[in-house]
Amino acid sequence: MPEQRDWYDTPLYYDIIFDADTPKEGAFLDALHERFGRRGKSRQMLEPACGSGRLVLEMARRGWKVSGFDGNARMLEFAEERLKQECLKARLWEDWMQSFKLPGVQSFDFAHSLVSTFKYLIAEKDAVACLQRVAAALKPGAIFALGVHLTDYTQTNEDHERWVAERDGIHVTCNTHTWPADRKKRLEDIRTRLTIRDNGRGHVQETRWQFRTYNATQMRALLCKVPAFELLACYDFTYDIESQRELDDSYSDVVMVLKKGTD
Ligand SMILES: C[S@@+](CC[C@H](N)C(=O)[O-])C[C@H]1O[C@@H](n2cnc3c(N)ncnc32)[C@H](O)[C@@H]1O
């Protein structure tokens, strides 16, 4: 039987699995800022729910002054350690997306949240509160890049994704199952199983959780509740700055570019 464990309590394994795309995401975020962002030399960046800090590190390497928070203290400790190893600095603290307070810098030039993290906010009021807080934290004209997986409610089969990665002799396989969404409750059940081979020793751990679901119409309805943001552009997870998309249900992974109004 796999051990039941919150996979964010084992940040190293999370980081090993999801680090492969980090440089590509970092380059894409810079390209978004260049194309849609606020003009000026200031480079204050906010990452809500920054996790193991893979993007905190990447954006700090790219010259951003990064602030980030997460609800999981172990993820933050891991992020701090990685920053220390590279002699980089960021302001990190423990906090929640729906109610965070800014301990230092009060206004940012750019914010981002990728890989569906926003969908951990199960209640609509928390999703709205998070967007409002991020908008309040941004300078006028600054952007928030928000990446989520959109739900196809006609899907009746389980979805399965598999990632494999290795670092320093630690081999991690991640199998994620997503069950068909409950349209009425706006929830989907997800199970992640990590199979770890750490220097010859094997181990399997499993995490179950729920995400709030959105199709394109539901996402538009949410954005209407936060008029401080204007939807400027959409992309898919190929992270190609030249390939803009519409916010519609013809694809599932969307990065929305939300601009804070200048009024
Ligand atoms: C998929 S990871 C994403 C981490 C990071 N943004 C990245 O791109 O790698 C999701 C993170 O969200 C955090 N999290 C989940 N719900 C949260 C909440 N309501 N407030 C703050 N952090 C939360 C988890 O602890 C975890 O570190």
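Analyst: Two strands pair if DSSP finds at least two bridges between them. Helices (H or I, at least four residues) and strands (E, at least two) are DSSP runs, numbered from the N terminus. The model is a predicted one, in which local features need pLDDT of at least 70 and side-chain atom pairs count only at pLDDT 80 or more, while totals for chains, interfaces and linings use all residues. Residue numbers start from 1 along each chain as its sequence is written.

Strand β3 (residues 65-70) runs parallel to strand β4 (residues 91-94), and four bridges join the two. D70 has E94 in β4 as its bridge partner. Between β3 and β4 the chain passes through helix α4 (residues 73-85), forming a right-handed β-α-β crossover; that is, with the strands pointing away from the viewer, the path from the first strand over the helix to the second runs clockwise.

The ligand is surrounded by 19 residues, the closest being A49, G51, G71, N72 and Y120; a residue counts as near if its C-beta atom, placed from the backbone, lies within 6 Å of the molecule.

As for the whole, the protein has six helices and 12 strands. Its C-alpha atoms fill a box of roughly 55 × 50 × 35 Å along the principal axes. Of the contacts with a separation of 6 or more, 68% are between residues 24 or more positions apart, a contact meaning that two C-beta atoms, placed from the backbone, lie within 7 Å.
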